[in-house]
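Thank you for making time this morning. I would like to walk you through one structure, slowly enough that those who have not seen it before can follow along.

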Amino acid sequence: MDSAARPRSASLGDVQFGAVATETIEDALLHLARRNEQAVREAAGQQGHFRFREPRFVEFVFLLSEQWCLEKSVCYQAVEILERFMVKQAEDICVQASVQLGDSKWTEAPDWRVRKERLCSKFVLRLVSCVQLASKLSLHYKVISSVTALHFLQGLGLPYTREELLDSELDILKSLDFQINLPTPLEYVEVLLEVLGYNGCVVPATQLHATCLTLLDLVYLLHEPVYKSLLRAAVGNTTPSQLQGEKFSSVEEDFMLLAAGVIAASAFIQNHECWSQVLGHLQNITGIASGSIAEFSYVVLTHGVGASTPGQQPVPPGQEAWERGLPLPSRQAEATDASGLPL
């Protein structure tokens, strides 16, 4: 591809921490906390909540974004857009199917089957369009042009036209009511790292950031097994019931927990002697019980490198609350750490 002519994505060394005013970080943290709580509440109120997070599709997005030299934030944004679009399409097809199959007077070919086949046949086109849309939410000079996208599709033997590519983007936008600027866990990770830096975390934020990106990729690629392990840990049973699984589904929308768990796992990898200190900072900043963060970090490390964390030693405060009920323990109304940065 024309990668030589395109600017390279920012390296990990280009990420700077400690350059933002304290007041700005406080506002960002409060905004993310409110948005996260809303997302968790909405997910908890949904019946039959399901996801579309196949590892091979996530890997496709990651590799395509890397080939096009896009930022990591674009990768995650594209995956979130693709998932919400596919879930919305699947829900619409199910509704249409139930109406048609329940109508005894319906004699024509089921439209929902045609719609399903069309959705499957155009999946690669939709995936590319999601990456394009995500790139347009990032820096303008890294927007993926129609020429680049068409060249890639043609290389796969898919001779789409420019009009079909534009129509695909429009279909996704309309399906999601043009709400594609979706939150990603990376935002939470980077804001929490900023706060940790101001609070005197012994592990440098830049050093943690590099490891966090690797572990966040891992969670995206192994989403189902990671959260199944969390569910089993939460209920204390290797075979959770369907009701327990439904109650736990809202945890998958908890990006604050995900970010805190990834940072804790990164801290253990970088400097396990300071793991407990980082865990304490994260609990004070987010209001999430240290036991929940410890359990998440343990699951991430187990699936990633097969390591164990201090979470497997004497149970940290809050572990009992994690094990007792679902969903996760609620945040403290006003958590404040040593430097005075509140949640």
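I will begin with the overall picture and then turn to a few particular places.

Please keep in mind throughout that what you see is a predicted model. The protein has 15 helices and zero strands, and of its 343 residues, 47% are buried. If we take the contacts between residues at least 6 apart in sequence, 78% of them join residues that are at least 24 apart.

The largest nonpolar core has 94 residues, and the ones with the most contacts inside it are Leu192, Tyr227, Ile263 and Leu282. Which helix gives the most to this core? That is helix H12, residues 255-270, which contributes twelve residues. As a general background, nonpolar side chains in soluble globular proteins tend to be buried together.

Next, consider helix H9, which covers residues 205-221 and so has 17 residues by the helix assignment used here. From its first C-alpha to its last, H9 reaches 24 Å, close to the 24 Å expected at 1.5 Å a residue. H9 is mostly covered, with twelve of its 17 residues buried, and the buried ones include Leu208, His209, Cys212, Asp217 and Tyr220.

Now for a pair of helices. Helix H6, residues 146-155, and helix H7, residues 162-175, pack at an angle of about 105 degrees, and their axes are 10 Å apart. On the H6 side, Ser146, Ala149, Leu150 and Leu153 take part, and they meet Arg162, Leu165 and Leu166 in H7. The residues of this contact divide into five nonpolar, one polar and one charged.

If we follow the chain into the loop between H7 and helix H8 (185-198), we come to Asp177, and Phe178 is found in that loop as well. Phi of Asp177 is near 55 degrees, a positive value in a residue other than glycine, and for Phe178, also a residue other than glycine, phi is positive too, near 60 degrees. Is Asp177 buried or exposed? Since the cut-off for exposed is over 50%, Asp177 counts as exposed at 57% relative accessibility.

I will finish with Gln77, which is found in helix H3, residues 72-101. Buried means under 20% relative accessible area, so Gln77, with 9%, is buried. Which residues does Gln77 touch, leaving aside its neighbours within four places in sequence? Gln77 is in contact with Ala134, Leu137, Ile180, Asn181, Leu182 and Thr184. Finally, Gln77 and Cys130 are 53 residues apart in sequence, while in space they are 8.5 Å apart, C-alpha to C-alpha.

Terms used. Residues are numbered from 1 along each chain as its sequence is written. This is a predicted model: local features need pLDDT of at least 70, side-chain atom pairs count only at pLDDT 80 or more; totals for chains, interfaces and linings use all residues. Side-chain values use heavy atoms; hydrogens and water are left out. Helices (H or I, at least four residues) and strands (E, at least two) are DSSP runs, numbered from the N terminus. Buried means under 20% relative accessible area, exposed over 50%, partly exposed in between (1.4 Å probe, protein chains only). Contact means heavy atoms within 4.5 Å. A nonpolar core is a set of buried Ala, Val, Leu, Ile, Met, Phe, Trp, Tyr and Cys residues joined through side-chain atoms within 4.5 Å. The expected span of a helix is 1.5 Å times one less than its number of residues. Axes are lines fitted to C-alpha atoms, for helices over the stretch in contact, and angles run from 0 to 180 degrees between N-to-C directions. Ala, Val, Leu, Ile, Met, Phe, Trp, Tyr, Cys and Pro count as nonpolar, Asp, Glu, Lys and Arg as charged, and the others, Gly among them, as polar.
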